[in-house]
Each structure stands twice: as C-alpha cells, then as structure tokens.
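Please view the sequence and structure first.

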Amino acid sequence: MMLDLGPFSDEKFDAKKWINSASQTRHPQDSLDSHLVDLEMKLQMISEEIAASLEEQSAASLLRVPRATRDVLRLRDDAISLRSSVAGILQKLKKAEGSSAESIAALAKVDTVKQRMEAAYETLQDAAGLTQLSSTVEDVFASGDLPRAAETLANMRHCLSAVGEVAEFANVRKQLEVLEDRLDSMVQPRLTDALSNRKVDVAQDLRGILIRIGRFKSVEVNYSKVHLKHIKQLWEDFDLKQRGNKLANENEAQSNISTLSFASWLPSFYDELLIYLEQEWKWCMIAFPDEYKSLVPKLLVETMTAVGSSFVSRVNLATGDVIPETKALAKGILDILSGDMPKNIKIQTKHLDSLIDLHNITGIFARNIQHLFSESDLRVLMDTLKAVYFPYESFKQRYGQMERGILSFEISGLDLRGAVTRGVGAQGVELSETVRRMEETIPQVILLLEAAVERCISFTGGSEADELIIALDDIMLQYIATLQETLKSLRLVCGVNGIGSKKELASDKGPQHTRKADSMSNEEEWSIVQGALQILTVADCLTSRSSVFEASLRATLARLSTSLSVSVFGSSLDQNQSHMTSGDTDGELPLGGRAALDVAAVRLLDVPEKARKLFNLLDQSKDPRFHALPLASQRVAAFADAVNELVYDVLISKVRHRLSEVSTLKIWSSVEEQQGAFALPTFSSYPQSYVTSVGEYLLTLPQQLEPLAEGISGSDAGNDEAQFFATEWMFKVAEGATQIYMEQLRAIQNVTDRGAQQLSVDIEYLSNVLSALSMPIPPVLATFHTCFSTPKDQLKDLLKSDEGNMLDLPTANLVCKSRNVSLD
C-alpha cells in the first residue's frame, strides 16, 4: 500500500478526514484493525526516515558555514589590495604626464621648424626646377613631342603654385599662359581630325594632353564644333526640301503638288538625330570613358541652342498652316497673340491642336533621350531635357492667353436665338426654339472646357493649371453673360419685361371681338407658358453640368497635386511646400528619381515662384469649400435665380392680367333695381369670368408642370423629386395669385350689398380652388370672404362676437369702411 504524503503539507490538513480516506482504500478481505496497524507502522517508518534525513542535512550545513565565512574574508582582503595597487598606478601616471608634457611641447616646436625647413627646401628646388624648365621649354616645343610639352607645362604650373606670388617669376607666369595657349592651338587641329575620323587612340592621347594642362574645355568645344556641323545639315534639310517643292510647283505650273509640312518632317529629323547621338554615345564610352556622360548631352544642348530661334519660327508657322487664313499670311499662333493680324482672324482650336501634336512628337524624342542618357547626372539630364523642350517655352508662357482666345472664339460661335416668322403663336415658337438652343449649348460648352483641361495636361503637364483655372472662369462668365442677355430678350418675347401687363383686351370693344381676342391670347399665352417652363431645364442643366465639371476639375487638380509633387520633389506636397518656402538656393535638385523628369518638372524646377503659386492652388483644392471656378459658380446661381424670376413672372402674368382691373369693376358699387313692391336680385349668383379664368388656370397649371418635372427628375426614382418640384411651383403661383387678388380687394373703395354678395361668391370660388390645390386659405382672404358674405346690418355685431376674434382686424376694418359701416 502506497501512502500519499501530499495532503500533509496543506495548511488546512484534517487528520480525521485523511484517516477515513485511507481506510476506504483497504482491500475488502482485510480487516479494519489490521489495515490501521499497517498504516500506523508505515507512517512511523516514514517519519523516522524524514527525521534522519533532516538531522544529516543540518549537520552538513553547520560544517559549510565556517568555510564560506573564510572565503568571504579572503575576497574582501583581495579587493582592498587591488584598490591600493590601482591607486598607486594612477598616481604614477599623473606624475609621468606632468613631466612628459614639457618634452612633447619642445618636440612639437622642433618638428614645426623641421617642416618649415623642408618646405623651404622644396620651394627652392621648385624655383630651381622652374628656372630650368623655363629655359628648356622652347626646346621641348621644338621637338614636337606634345605629351612631353604638356608634362613640362604641368610641372611649371606646379612649381609656380609652390613659389607663389614672387616678383622674379611674374614673367614666367605670363610665359606659361602663352605656352598653354600655344600647345592648345597645336592640339586642336589634330583633335578635330581624330574626332572627325573617329581615331580612338589619338583622341584619348590628345584628351590626356589637354587635361594635363587644364584645358579639357577645348575637348568639349572641339567635340561640339565637329558634330554640330553635321546636325545642322540635318536641320537645314527641311528648308532644302521646301525650296525643292516650290521649284517643282513653279516648273509644273500646278498647285496640287503636296508641300512638305513641318509636322510630317520633324519625326524623321528626331529619328536621325537620335541615331546619331546613340552612335556618339557608344563611341565616346570608348574614347572618353570618364566624360561621355556629360559630353554627348552637352552636344544636344548646343544643338538645340543653335537651332532654337529657327525651331520656334518653324513651330509657329506650322501652327498657322492648319488654317487657310493664317497659312495664306504665313503667320502662326505667336503672331495672332501679338495682335499683328487682321481683326477677323482669331486663334482656333486647330492652331493649338497642331502645336500639341508637335509637342507630343518632341515628347517622344525627349523620352528616348532620357533613356539614352540615363547614366548621366540628374542636373545634366534635366538641362538636356530643358533644351529639348525650349522651343515650346514661349508658347507655354502664353498658354492662358491661347486657351482664353480659343474658348472665347468657340463661345462666340454658339447660336442661342431661334428666328421664326411672326404670326399667331410665333412668340411661343421662338421661345421654345431659343430655349432648346440654350439647353443644347450647355453640354457643348462643358465639352469645350473639358477639352481645354485635356489640352493643358497634354501640353504643359499641368504646370499651367493656375492659368487654366483663370481662363475657364473667365470663359464661363462670358458664356453665362450671353445666357443672361438671351434671358433678357426672352422677357420681351414673353411680355414680362418691366412692370405692367398686356392691355390688348382693355382697348378692344364689343363682346364678340373681346372673345376672339381672348381666344387668341389664351393660345399665345399657353404656348409662352410652356416655353417658359422649359427654361427651368436650362437652369437645371447648367447648374448640374457646371457642378459636375467643377467636381471633375477638382479631381484633376488632386491628381496633379500628387503627380507633380512626386515629379518635382519626390515627396508629399506638404513637404514640397515647406522645402520651397525654406528659401534653399544652394542649387541642389530635390528630385525623387529619374522618372520625375517630365515636362512639368523640367519647367517648375527653374521657376520656384510659379511652382509655389501652383502648389498653393493645388493645396487649396483639397479643401471641401474650395471652388475651382469661384466667379462662375456665383454667376450660375445668379442665372438660376433670374430664370426662376422669369418663369414666375410668366406663370403669374396671366393672373396679373386677369386681376389687374378687379378693384375698378363697376359691379362692386352697383345698386339693385327695384321692380314693383318686391326686391328681386338681378346679379348673377355665379363667380365672374375674371376669377373663373384664374381658377381654371391654376387648376390647369399642375398638368403643365408634371411633364417638365418628370424631365428634370430624369428617372422613375425621381418621382418624389418631380412631384415636389411641381407642387413647389404650383404653390408659388397660387400664393402669388392670392396676394395679387387680395391687393385688388384692398383697393376697392365702395362696395354695395350687391357688390358684397358678388365678391363673396368670387372669393368663395377662389378659396375652393386653393383647397383643391391643397393650399391653406390665407387668414386675410378668409376675412374678406366672411365680411363680404355677412349682411351689412350684421357686420358690426360679427366683429364684436367671438367669431370676430378669429378675423384679421385690419382687413375687417377695411371692409367695414368700404361698405360704409360705422364701428363707433
């Protein structure tokens, strides 16, 4: 039987519980007494073993304590001894340092004297050598050994630098400069021959000679001079072909022979130039392994400088060739912009498109050059690309003027007026045609603006985005001004120009003629109403399309903000701006990589003020409140308000016309005729024609508005919006009609009982119409109805009753005055 001694170590050990548990583990055949005896015996034996083990371990521990104590004491004595030894060593070092410092100072003085003596000795040797070299240099030149002559001159230069400004050697310094020029002139013919005939070994030797005398500039000058002649021949090939075509035309006496255009010739020139530069790059890698990375790019820079003015002239003429008028005058974009052209000739889209096509051809060549010169330094590569794009710089600087002229020309060509023959309904037809043309021009204008944005990105890489924004804003103002002028003319067409209304009916006489005029007027008026409602689609289209375009423009500016910041600075825009405003002018290029050298980066890196202005604009475009076209946005809102005002005036004009003379109707002051002994009413118990025509017009108006509202909503999902639109305008017109009617009621001076009853019927009819349109009855109109429907002798009591408290008192007093009821 095994005993588990684990429970004995528990603080809450229960002896009885443990004994009971141990008793339960006995074998069924064993008696309880024998089991307990065995358990007691095992516990006693285990306790004896534990006691013996504890006694043995305690004795061993007592033996270890004195030994450990002796070890600790010994370590303490060793530490004290080591500390005293280190202190002694430090003291000896301090003493040695104090005594050796004086010795070292003395040795330093001796060493300084020694160095001065050695320098003086070397100077004397250089002076002696310079004297000897000066006397023998002519013999060296006479021998024709150019490397030896270069070495001699280099030694003389070294000796002169060692001697310094000594009067005795002033003549030698002048002599050295003359000799260097002499050697340079001797090397140049040979170098020119070596470069022309591609003699690698000779070119390398001559390069070494010129470098030895510090005249490597001569290598660059000769290299450019030799190869520039051939490249100029490639460039002048265009003029030769042009003259050849002219002679062919004169000899053939025909004008149908096609002439060579600069745009078709330029790619071949770039191809030949690229092949030539690739050959030179490979040859210079062998002949000038240390300088080829700058030598060949410098050749291209010299080439573009030499042909720069001619290049600009050819580009200018090429842009004019696309339009017959400018081609006949041999003029181009720059001539148009300078004003040196007839007034009827304007810059057109084709002019700028041809310029962009030429720029794209140059861009392909620039990318090939960037790949060819990829091993060159960034500054060299940037200067080279800048030279390649240089012919277009004068055009880019005037990009905003070009774009403004093009868009202005396109806007001025839009036809917004619809001309028709006058007749019945002619005003409505002219109105509808004009509105249709106005609406059609909006997407055309937006397409023109979007094309301008694409041209800006294509031609300037976005570097002229700030000028583009100004031009777009100005053009939008011009277009909206045209719409505003058209809108003013439409007010004349609609007959709502100024204050007043139509008075044709007032001058007509006779009931039969009046009905005919009314019939014609209704046809004309409804056609005008339908046309005027269509103007709302113009305002809605302009507002939505302009807002979408402005959002698109902001997205474009955001993309430019990212691409230009990476291109120009290789970092975030905020970092770029902090860098730009820090005023660093050390000439270092903060470029992020060779891929950054695009057309915009090449321009902006050399014009920090323009770059700062552009990046400020791009940073502002991130603000949700930013308006890319601030002035245009305001004018669009103003145009929408003007359209709403015009539509309201048109819709309310019929109401205003019908109600214009209500206050002067004679029926309000008419008296009943007495027949016999009984008073029989002779007035009609039906509402009069003026109010029924207004009511019918208001009830018909929703039918006119619903098609337009559905057209503006544009989809089934916009049914709620369409319903809201129709309801809003219906309420506007109904409220306006009610206001006009109430003003007329206020203007009635005298109302008889017959007139009061007729007014009550008229007002009740109009109130029913308003209720049918789900409009609340204004308290003033309800007061008029109550007061006019109440008999004259009961009106005073009505005002004093509880029901009178619900009336509009000023209106009630006015009715009492018109009905001659005294409230005193």
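The model is predicted: local features need pLDDT of at least 70, side-chain atom pairs count only at pLDDT 80 or more, and totals for chains, interfaces and linings use all residues. Residues are numbered from 1 along each chain as its sequence is written, and side-chain values use heavy atoms, without hydrogens and water.

**Helix 27 and helix 29**
- Helix 27 (residues 779-789) packs against helix 29 (residues 809-818) at an angle of about 35°, and their axes are 9 Å apart.
- Helices are DSSP runs (H or I, at least four residues), numbered from the N terminus; axes are lines fitted to C-alpha atoms over the stretch in contact, and angles run from 0 to 180 degrees between N-to-C directions.
- Contact (heavy atoms within 4.5 Å) involves Val780, Thr783, Phe784, Cys787 and Phe788 of helix 27, with Thr811, Ala812, Val815 and Ser818 of helix 29.

**Second largest cavity**
- A cavity is a set of points on a 1 Å grid over the protein atoms alone where a 1.4 Å probe fits but cannot get out; lining residues have an atom within 4 Å of a point.
- Lining the second largest cavity are Leu745, Arg746, Ile748, Phe784, Phe788, Leu814, Val815 and Ser818.
- Helix 25 (719-746), helix 27 and helix 29 each give two or more residues to this lining, and helix 29 gives the most, with three.
- The lining divides into six nonpolar, one polar and one charged residue.

Conventions. 1 Å grid on protein atoms, 1.4 Å probe; cavity = no way out; pocket = protein on both sides within 12 Å on 5 of 7 lines; lining within 4 Å. Nonpolar A, V, L, I, M, F, W, Y, C, P; charged D, E, K, R; others polar.
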